[in-house]
Amino acid sequence: KKKDVMAAQRDKFIHGCRGHRISDKDARKIFDLMEYFAGYGFNKAHSTAYALVAYRTAWLKAHHPRHFMAALLTAEKENTDNIVKYIAECREMGIPVLAPDIDASGMDFSVVAEGIRFGLSAVKNVGESAVRTILEARDRIGRFGSLPGLCREVDLRLVNKRVVESLVKAGALDRLGPNRATLCAGIDAAIDAAQKAIRDRDSGQAGLFGGPGQEARELPSPPPLAEWAEKDLLAHEKETLGFYMAGHPLRDYADRIRELVTHTTATLKEVQQARPATLAGLVGALKRRRTRKGDSMAVFSLEDLEGTVEVVVFPEAYAKHRSLLEEDAALLVTGNVEVADEQRRLIADTILPLDQAEEKRAREVVIVLSALGLEPDLVERVRDLLKERPGPCPVYLEVTQPRAFRATLKAGGALKVSPSRDLTLALEQLLGKGAVRFR
């Protein structure tokens, strides 16, 4: 078929050449030369150009890693998935990525002594025009002294409530108030006061005593509110930055997760052939789709403390676990690793909520007791809790005394229990958070 197409093209070319008084013999020779060149010339030119680009970028990444990664982040600032991926790569390279700061950040990602500073225009809902007016005001007055002061100096048609709220949630205005909850609650009052001050200034009015700084005293600082719960603070960061900056919802569970997984997203990169794997993380970029047959399936990114990996949930697994698939859900996913070039993805088989995974997979229960203050009454209360929840799992008591000893004792067979969230909560209420482990 390819030969037939080529012959037709040759005949068409020869016919066209006749109109330019080129003989059929010469036309055929010219066509044969072009056909021969097309077999290798374009490929070589293309690969040579890409090789040069690859060499130059590799050299920049090796010799100027911070500048290279800052430029890469800037180029991808509209693509949240790539921003998350490249920030994870920065961390692997030992390059800190610093939070956005109204006094230190520029329009784009920039190189500073401490690492790479997050660019203001990469904060969601903050456009380049809004950033431009903020930077012009900063060049004019220097550091911003307060939230009302910031609102007075910028163009509020561009830096509106939504922009200011996003900057607060992203942590860019942390220096301007006691905490983010207080700053967020004061946005309306700050904008109203700034608009009044601008109207008075434009109309030539001044206070009774006038003088510089009088405007700044018009709005007393509101009483500080309690900061948002860590869960909400991190959720706001994810909403505005696309990832967690101040912490990670999984950080407090890192030790417990380590007992459940076979791989992390970082160690998954070392897998060279298909094999089973279990990973824990948060659901992101969830997309529900249909196969050609019309069956439902899903694709999402699973984010742990070290990066992300794509997870594919085909119809059979999707039918079993669809209710668990929600944005930011913490899951334990078991499946098969699919290897393609440098890419790895996980084909899901079973999915569990992370807060239930320990109990459902547990074969043994370990209870941590401090030898300091270990009274008979406390031991009896622990025993009673265990007796109320009989089951198949043996219980081990890990008795510790700081800088002295740690002893692990196996409880009697009569104290075997059924692992459950209820058991965990009851024991932690009695002994403290982290007092229960499952193996």
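**Strand pairing, cores and buried residues in the predicted model**

Strand 4 and strand 5 form a hairpin with five residues between them, and Gly-294 in the turn has a positive phi of about 95°. Helices (H or I, at least four residues) and strands (E, at least two) are DSSP runs, numbered from the N terminus. The model is predicted, so local features need pLDDT of at least 70 and side-chain atom pairs count only at pLDDT 80 or more, whereas totals for chains, interfaces and linings use all residues. Residues are numbered from 1 along each chain as its sequence is written, and side-chain values use heavy atoms, with hydrogens and water left out.

Strands of a sheet pair through backbone hydrogen bonds, either parallel or antiparallel. Here two strands are taken to pair if DSSP finds at least two bridges between them. Strand 4 is joined to strand 5 (residues 296–304) by seven bridges in the antiparallel sense, with Lys-287 opposite Val-299 of strand 5. Strand 4 (residues 276–290) also runs antiparallel to strand 7 (residues 330–340), again through seven bridges, and Leu-279 stands opposite Val-333 in strand 7. Strand 7 in turn pairs with strand 8 (residues 343–353) over 10 antiparallel bridges; Glu-338 faces Arg-345 of strand 8 across this pairing.

These pairings belong to a closed barrel of five strands in the order 4-5-6-8-7, with mixed pairing. Neighbouring strands of this sheet are turned by 50° against each other on average, direction ignored. Axes are lines fitted to C-alpha atoms, for helices over the stretch in contact, and angles run from 0 to 180 degrees between N-to-C directions. Helix 15 (residues 354–361) packs on the sheet and touches strand 4, strand 7 and strand 8, and its direction makes about 75° with that of strand 8. Contact denotes heavy atoms within 4.5 Å.

An open sheet is formed by four strands in the order 12-11-9-13, also with mixed pairing. Strand 12 (405–410) and strand 13 (436–438) stand at its edges with a single partner strand each, so one side of each is left without a neighbour in the sheet. Strand 9 (residues 365–370) and strand 13 run antiparallel and are joined by three bridges, with Val-365 opposite Phe-438. Glu-398 is located in strand 11 (residues 395–401) and counts as buried at 8% relative accessibility. Buried means under 20% relative accessible area, exposed over 50%, and partly exposed in between (1.4 Å probe, protein chains only). Beyond its neighbours within four places in sequence, Glu-398 contacts residues including Val-366, Val-368, Arg-406 and Arg-437.

A nonpolar core is a set of buried Ala, Val, Leu, Ile, Met, Phe, Trp, Tyr and Cys residues joined through side-chain atoms within 4.5 Å. The largest such core has 50 residues, of which Phe-118, Leu-147, Leu-167 and Leu-173 touch the most other members. Among the helices that each supply at least two residues of this core are helix 6 (128–141) and helix 10 (187–202). Leu-167 touches Ile-102, Leu-120, Val-126, Ile-134, Ala-172 and Leu-173, not counting residues up to four places away in sequence. A second, separate core of 22 residues includes Leu-279, Val-283, Val-313 and Leu-325.

With a disulfide defined as a pair of cysteine sulfur atoms within 2.5 Å, the count comes to zero. The cysteine sulfur closest to that of Cys-184 belongs to Cys-151 and lies 12 Å away, too far for a bond. Cys-184 is buried, with a relative accessible area of 18%, and Cys-393 is likewise buried, at 4% relative accessibility.
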